[in-house]
Amino acid sequence: MTNPAYVAVDWGTSSFRLWLIGGDGTVLAERRSGEGMTSAAKTGFSAVLAGHLAAIEAPENLPVIVCGMAGARQGWVEAGYIDVPAPLASILTGAVSIPGESRDIRILPGLAQRDVARPDVMRGEETQLLGALGRASSGAQAVCMPGTHSKWVHVTDGKVTGFSTFMTGELFDVISKHTILSHAVARAEEQLADAAAFEAAVSAAFAHPALASNLLFAARSGQLLHGISAAAAQARLSGTLIGLEIAGALQDAANGTTITLVASGRLQALYEQAFRTLSLAFTAIDADAAVRCGLSAAAEAIWPN
């Protein structure tokens with residue numbers, strides 16, 4: 001069995017993921033919890049990490065590489081941002097050390113787009129991006145990373161030229177729980193998903209993004225006038241928001257741009273369905289594998305064998 005080489009951590013706002021990585025790159029142990037930045041800021045980042053390291057019996061001298069919200073201003077230690085445009089590999093040189101710890105712990109920086117008209121930031125997704133594309137990708141690519149705040153990143157020949165954040169997941173949660181549409185989608189999870197309604201909504205929103213608020217209300221009016229099911233109403237809401245996101249993300253894409261989807265689970269299935277509906281070619285990469293690969297690239301650059 002290979003010996004442990006380092007620990008990789010993806011520390012989100014509400015989630016914590018840790019992997020013990022061997023010298024040959026294999027995953028020797030894994031930990032997951034809901035101890036994200038919000039929780040860890042109250043209980044202590046050092047204590048949370050120490051508890052997980054003890055659980056996997058990590059050697060005391062083993063280094064730790066971290067990405068995500070632990071490096072935010074409200075996190076453990078602020079890791080700052082690399083300004084775009086910038087090479088993907090630039091995040092490897094910006095890692096910040098945690099002072100006062102017995103082991104070597106580094107947090108990777110995020111990316112910032114300081115355009116006054118379109119300011120944007122990301123933290124954690126840049127490591128997924130590095131893992132998904134590698135340090136020297138070629139050609140023009142649009143990378144889609146769905147989530148509460150979906151990220152679309154434009155990369156040309158290994159350089160991040162710009163990116164956009166879309167509040168798709170958060171809007172779905174707010175609209176489905178705190179607006180008039182909450183009545184339309186009530187108990188939708190108890191019904192079979194309506195693929196046709198989702199695909200129709202994706203197509204309509206992609207073709208007519210200016211009608212966004214009207215298309216959203218159709219989930220309610222369609223139920224009142226035509227008796228569509230709660231599952232169909234929910235599918236319309238989801239499809240409309242995802243269709244709007246894709247329309248906005250691709251409006252400035254260059255001809256010949258390829259789409260890379262970095263996702264997993266239910267979100268991966270939804271976005272794949274949306275891309276197929278719009279006849280958009282894409283390549284899918286598992287999000288967990290991407291972030292581990294990005295963290296590994298950082299660890300190897302910081303602590304070369």
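In which loop is the place of Asp-157?

Reply: The model is predicted, so to speak of local features requires pLDDT of at least 70 and side-chain atom pairs count only at pLDDT 80 or more, whereas totals for chains, interfaces and linings use all residues. Residues are numbered from 1 along each chain as its sequence is written, and side-chain values use heavy atoms, with hydrogens and water left out.

Asp-157 sits in the loop between strand E12 (150–156) and strand E13 (159–166). Here helices (H or I, at least four residues) and strands (E, at least two) are DSSP runs, numbered from the N terminus. Although Asp-157 is not a glycine, its phi is positive, at about 50 degrees. With a relative accessibility of 53%, Asp-157 counts as exposed; buried means under 20% relative accessible area, exposed over 50%, and partly exposed in between (1.4 Å probe, protein chains only).

As background, most residues other than glycine have a negative phi, and most peptide bonds are trans. Ser-279 also has a positive phi, near 55 degrees. Ser-279 belongs to the loop between helix H9 (265–277) and strand E15 (282–286) and is exposed, with a relative accessible area of 66%. A further backbone feature is the cis peptide bond between Val-84 and Pro-85, where omega is about 5 degrees. Pro-85 lies in the loop that links strand E5 (81–83) to strand E6 (86–87).

Turning to the sheet, six strands form an open sheet in the order E3-E2-E1-E4-E8-E7, with mixed pairing; two strands pair if DSSP finds at least two bridges between them. Strand E3 (27–33) and strand E7 (96–97) are the edges: each has a single partner strand, so one side of each lacks a neighbour in the sheet. Strand E2 (residues 16–22) pairs with E3 in the antiparallel sense over six bridges, and Leu-20 stands opposite Ala-29 in E3. Helix H2 (residues 45–55) lies across strand E1 (4–11), E2, E3, strand E4 (64–68) and strand E8 (105–107), and runs at about 45 degrees to E2. Axes are lines fitted to C-alpha atoms, for helices over the stretch in contact, with angles from 0 to 180 degrees between N-to-C directions; contact means heavy atoms within 4.5 Å.

The whole structure holds 11 salt bridges, each a side-chain nitrogen of Lys or Arg within 4 Å of a carboxyl oxygen of Asp or Glu. One of them joins Arg-32 to Glu-30, with the closest N and O atoms 2.5 Å apart. Arg-32 is partly exposed at 45% relative accessibility, and Glu-30 is partly exposed at 41%. Another joins Arg-106 to Asp-104, at 2.7 Å between the closest N and O atoms; Asp-104 is partly exposed, with a relative accessible area of 29%. Through shared partners, salt bridges link Asp-10, Arg-17, Glu-30, Arg-32 and Asp-288 into one network. Glu-190 forms a salt bridge with Arg-187, where the closest N and O atoms are 3.2 Å apart, and both Glu-190 and Arg-187 are exposed.

Finally, the axes of helix H3 (residues 125–133) and helix H10 (residues 287–302) come within 7 Å and cross at roughly 90 degrees. H3 is therefore roughly perpendicular to H10 (under 35 degrees counts as roughly parallel, over 145 as roughly antiparallel, 65 to 115 as roughly perpendicular and the rest as oblique). Among the residues that make this contact are Leu-130 and Gly-131 of H3 and Ala-290 and Val-291 of H10.
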